[in-house]
Amino acid sequence: MGRVGIIGVGQSAFVRSYPGSIRELVFEGFQEAMSDAKITAADMDATVVCSAPEYDKQRSPAGVIAEYLGLNPQPTFYAETLCSSSSTGLKLAYSLVQSGLHDSVMVLGFQIMSQLSSEESQERMGRGADIQWESPFGTMMPAYYAMHAQAHMAAYGTTLEDLALIRVKAATYGQLNEKAVYRKPVALEQFTDSENIFSQPVATPLRTGDCCANADGSSCIIVASEEKAKALGCDPVWILGLGAASAPVNMAGRERLTGLNVAEKAAEQAYRMAGITAKDVDVAEVHDCFTIAELMAYENLGFAAPGEGRDLIRSKETYKEGSIPVNVDGGLLSKGHPIGATGGSQIRTIVLQLRGEAGDIQVKDPTIGLVHNIGGVGLYGNVTILGRD
Amino acid sequence: MAKKELDTRFSRFGTVSFAAVTQVNDFIDHLDQGKLMGTRCKDCGRHYFPPRAHCAASLSGDMEWFEVKGSGKLMGFSTLKYAPTGFKDDLPYTIATVDYGDYRVFGRIDPGLAPEELSVGMAMKAVADKTRNGQLTYVFRKA
């Protein structure tokens with residue numbers, strides 16, 4: 001098999017409320033990725049468009065977006081795995097190129113969430129769980145992850161302060177990311193000051209400070225075969241490993257709440273395909289929709305043994321200078337989480353890191369990077385491993 | 001010809017039901033009679049909760065009802081201070097997953113039981129109940 005690489009990356013700023021339509025928002029990520037790759041629309045053979053459909057009036061957005069970006073008459077289609085849609089898009093793009101069907105494929109992720117109220121948005125997200133057997137109880141994403149936090153704390157002695165430390169780290173880097181929604185510093189005391197919004201409970205034990213914000217945003221990743229990349233004069237970051245898994249949607253189908261099986265399974269596959277282990281990863285982006293999600297990711301990806309994720313954050317090993325830097329772009333906790341765009345943004349960060357173009361947040365000389373992107377509450381797990389020559 | 005009426009019994013489940021028609025609608029009648037029931041595959045004996053009309057492992061639709069009885073262990077729980085559209089009047093409420101061994105049950109804690117009294121691992125039992133708005137549901141109580 002030939003190699004498949006990423007030749008262009010882009011994202012819009014992630015914002016609380018984008019003043020425009022989905023096609024205009026998608027254009028922003030597209031524009032950056034096309035300028036990055038220095039190619040034209042005619043160089044693209046196909047597009048995969050990724051989002052969570054229930055936020056839009058527009059049905060089948062792939063066609064609308066392909067037209068707006070000047071990507072007709074090339075084929076386009078839609079891919080969806082909730083919050084991991086654009087990682088799934090990357091996997092599809094890889095497959096289309098590796099099969100020889102196309103030489104280059106663009107993965108476009110987007111979401112406009114601001115046109116719904118926060119309650120409506122929680123209801124939409126809650127419907128990413130089991131609508132027949134769970135939603136009638138009034139579930140929402142923070143509460144599901146909160147159950148995991150409660151179970152993790154009971155099993156391993158993880159503390160609320162450990163969770164807060166993850167948000168403090170996120171904010172350390174979010175301040176430096178001009179495309180992030182939340183750019184203020186965060187101090188541990190904000191979680192214990194009852195007057196502070198960060199300490200307010202959302203779903204116990206998780207507090208406002210433990211949760212990422214909804215956002216509007218788009219991302220764009222351009223994938224090409226080695227030959228095509230060469231012909232276009234691009235220097236790719238290689239896709240070395242891809243793993244994906246699914247789990248029962250209902251919490252009643254889960255054997256444990258202290259970790260996500262889908263992340264473990266996806267990581268195993270991705271490490272095997274890349275021929276590496278967790279120790280070889282130099283920089284990682286993990287799906288920190290909630291602080292507990294990052295802590296569980298440390299353990300599910302093998303950066304720490306089960307129950308020892310807290311040691312990594314306490315010792316600052318996941319900071320930029322640590323042994324395994326995680327989410328040094330601020331993570332979802334700082335950037336915000338525009339569902340369909342999130343995976344593409346994570347991939348973009350790792351590509352920039354591997355190229356040495358990450359600016360203030362550049363990790364020292366990384367050669368292998370990892371992206372962990374989860375759909376729903378551990379319903380879909382995706383792990384992608386990237387590397388450079 | 002008269003239009004055949006849809007069996008929408010499932011719309012009686014929970015504060016807000018998002019499904020109305022299912023082949024396990026008898027679940028609602030059992031709940032109405034005070035029994036929380038799951039299904040068991042007659043071919044392979046697997047227990048399913050929530051109940052299913054089919055067993056994918058046996059490729060079979062030959063299922064029988066069993067009652068969720070005895071007690072299970074509390075796996076995790078969370079008290080919501082903020083609710084999605086349609087659930088505001090229920091606040092605060094606590095969701096939980098309870099492990100019965102052969103199967104697990106997701107639901108809410110009895111509103112009469114204070115969250116401070118809960119701890120992971122404690123024994124709980126599921127009991128049929130009504131929601132504030134008169135819909136059918138079940139809650140977990142201390143076993």
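User: Before I look at the fold, what makes two residues count as in contact?

Analyst: Two residues are in contact if their C-beta atoms, placed from the backbone, lie within 7 Å. In chain A, among contacts between residues at least 6 apart in sequence, 77% join residues at least 24 apart. This is a predicted model, in which local features need pLDDT of at least 70 and side-chain atom pairs count only at pLDDT 80 or more, while totals for chains, interfaces and linings use all residues. Residues are numbered from 1 along each chain as its sequence is written, and chains are lettered from A, and ligands numbered from 1, in the order in which they are written.

User: What does the radius of gyration of chain A agree with?

Analyst: The radius is taken over C-alpha atoms, and the globule rule is 2.2 Å times the number of residues to the power 0.38. For 389 residues a compact globule would have a value near 21 Å, and chain A, with 19 Å, agrees with this. The C-alpha trace of chain A spans about 55 × 45 × 40 Å along its principal axes.

User: How should I read the packing of helices H1 and H2 of chain A?

Analyst: Two packed helices are described by the angle between their axes and the distance between the axes. Helices (H or I, at least four residues) and strands (E, at least two) are DSSP runs, numbered from the N terminus; axes are lines fitted to C-alpha atoms, for helices over the stretch in contact, and angles run from 0 to 180 degrees between N-to-C directions. Here H1 (residues 22–37) and H2 (residues 61–68) of chain A pack at about 60°, with axes 10 Å apart. The contact is made by A:Ile22, A:Arg23, A:Val26 and A:Phe27 of H1(A) together with A:Pro61, A:Val64, A:Ile65 and A:Tyr68 of H2(A).

User: Is A:Asn373 buried or exposed, and which residues does A:Asn373 touch?

Analyst: A residue is buried if 20 or more other C-beta atoms lie within 10 Å of its own, exposed if 12 or fewer, and partly exposed in between. A:Asn373, found in strand E10 (residues 368–375) of chain A, counts as buried because it has 30 C-beta neighbours inside 10 Å. Not counting residues up to four places away in sequence, A:Asn373 touches A:Ser84, A:Ser87, A:His287, A:Thr342, A:Gly343, A:Gln346 and A:Asn382. Buried residues make up 63% of the 389 residues in chain A.

User: How many residues of chain A are in contact with chain B?

Analyst: In chain A, 31 residues are in contact with 35 residues of chain B. On the side of chain A that touches chain B, H5(A) gives the most, with seven residues.
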